[in-house]
Amino acid sequence: MKPVVQISLDLTNIDEALETAALAMRAGVDWLEAGTPLILAEGLHGVRKLREAFPGVPIVADLKTMDGGYLEAEMMAKAGATHVVVMARAHEETIKVVVQAGKDYGIKVMGDNLGCPDMVAGAKLLEDLGCDYVIHHIGYDERRGIVARGNPMPSPLDQLREVVDAVNVPVQAVGGLSLEQAIQCPAYGAPLVVLGAPLTIDADAFKTASGNLEESLRLICEKIHGYGEV
């Protein structure tokens, strides 16, 4: 698939999220993500507001579903989400019912391998159970905790090629990537590029990053969308 740019709205205020989303769309971003902090703060209301403001734009609800999967996916679909996220560490039955809800309500399911002892095996499991996309994800707490102990920060790029080679569905790499690394993701075979904390969002305060974000996003989108062009 052609590269897709997704912005993660990891904010806790719907007004700021809408403002950032509008800026991102002007800059050329393709997909909007209702990040987990936004869903915790605003819930279905936040997703509905994004859908009202941006009809026709794909909206990913980063639920990180672990249980009650069918209902969570159904609720987000009815609120206007086009994609939901289920965790590989959930029980297989949860992944299965989220996939079924996706079929029933016409939305796509993204499976997240965060926390899997074997990240490649986790990605394979998600595909085998019917997920439409795989998110190869090194978590926020995981990264910070490992660095705090004096060890090198892990990156999703460490095993990204292995994950891409192991599955036949599109892959998205998430977790502590620099701008340069995010832009390189399509070269690894991972066409779904996420821009979020710490790229466009202040990871500690969950506030919109300072500076000319729109112009920066426009340049980033042009680079990513131009991947593979002669």
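Analyst: Let's begin with the cysteines. This is a predicted model, and the structure holds zero disulfides. A disulfide is a covalent bond between the sulfur atoms of two cysteines. Cys-116 takes part in no disulfide, and the nearest cysteine sulfur, that of Cys-131, is 11 Å away. For comparison, a disulfide needs the two sulfur atoms within 2.5 Å.

Now for strand E6, which spans residues 133–137. Val-134 has its place in this strand. With a relative accessible area of 0%, Val-134 is buried. What does Val-134 touch, if we leave out residues up to four places away in sequence? The list is Gly-111, Ala-123, Leu-126, Val-163, Val-169, Pro-170, Val-171 and Gln-172. As for distances, Val-134 and Thr-65 are 69 residues apart along the chain, and their C-alpha atoms are separated by 14 Å.

His-137 is also found in E6. Its relative accessible area is 9%, so His-137 is buried. Setting aside neighbours within four places in sequence, His-137 is in contact with Lys-64, Asp-112, Asn-113, Leu-114, Met-119 and Val-174. His-137 and Gly-43 are 94 residues apart in sequence, and their C-alpha atoms are 23 Å apart in space.

One of those contacts of His-137 leads us onward: Lys-64. Lys-64 lies in strand E3. At 27% relative accessibility, Lys-64 counts as partly exposed.

Which residues of H3 are buried? They are Gly-69, Ala-73, Glu-74, Met-76, Ala-77 and Ala-79. Just after H3 comes Gly-80, which takes a positive phi of about 120 degrees.

Next, see how H3 and H4 meet. H3 covers residues 69–79 and H4 covers residues 92–105; their axes are 7 Å apart and the helices pack at an angle of about 30 degrees. H3 and H4 are therefore roughly parallel to each other, and H3 passes H4 in a right-handed crossing. From H3, the contact uses Gly-69, Tyr-70, Ala-73, Glu-74, Ala-77 and Lys-78. From H4, it uses Thr-94, Val-97, Val-98, Gln-100, Ala-101, Asp-104 and Tyr-105. Sorted by class, this contact of H3 with H4 has seven nonpolar, three polar and three charged residues.

Thr-94 is found in H4, and at 7% relative accessibility it counts as buried. Not counting residues up to four places away in sequence, Thr-94 touches Thr-65, Met-66, Asp-67, Gly-69 and Val-86. Gln-100 also has its place in H4, but at 38% relative accessibility Gln-100 counts as partly exposed. Gln-100 and Tyr-70 are 30 residues apart along the chain, while their C-alpha atoms are separated by 7.4 Å.

Finally, let's follow H2 to another helix pair. The axes of H1 (residues 14–27) and H2 come within 9 Å and cross at roughly 45 degrees. H1 and H2 are therefore oblique to each other, and H1 passes H2 in a right-handed crossing. In H1, Ile-14, Ala-17, Leu-18 and Ala-21 meet Leu-38, Glu-42, Gly-46, Lys-49, Leu-50 and Ala-53 in H2. By class, the contact of H1 with H2 has seven nonpolar, one polar and two charged residues.

Conventions:
Residues are numbered from 1 along each chain as its sequence is written. This is a predicted model: local features need pLDDT of at least 70, side-chain atom pairs count only at pLDDT 80 or more; totals for chains, interfaces and linings use all residues. Side-chain values use heavy atoms; hydrogens and water are left out. Axes are lines fitted to C-alpha atoms, for helices over the stretch in contact, and angles run from 0 to 180 degrees between N-to-C directions. Helices (H or I, at least four residues) and strands (E, at least two) are DSSP runs, numbered from the N terminus. Angles under 35 degrees count as roughly parallel, over 145 as roughly antiparallel, 65 to 115 as roughly perpendicular and the rest as oblique. A crossing is left-handed if the near helix is turned anticlockwise from the far one by less than a right angle, and right-handed if clockwise. Contact means heavy atoms within 4.5 Å. Ala, Val, Leu, Ile, Met, Phe, Trp, Tyr, Cys and Pro count as nonpolar, Asp, Glu, Lys and Arg as charged, and the others, Gly among them, as polar. Buried means under 20% relative accessible area, exposed over 50%, partly exposed in between (1.4 Å probe, protein chains only).
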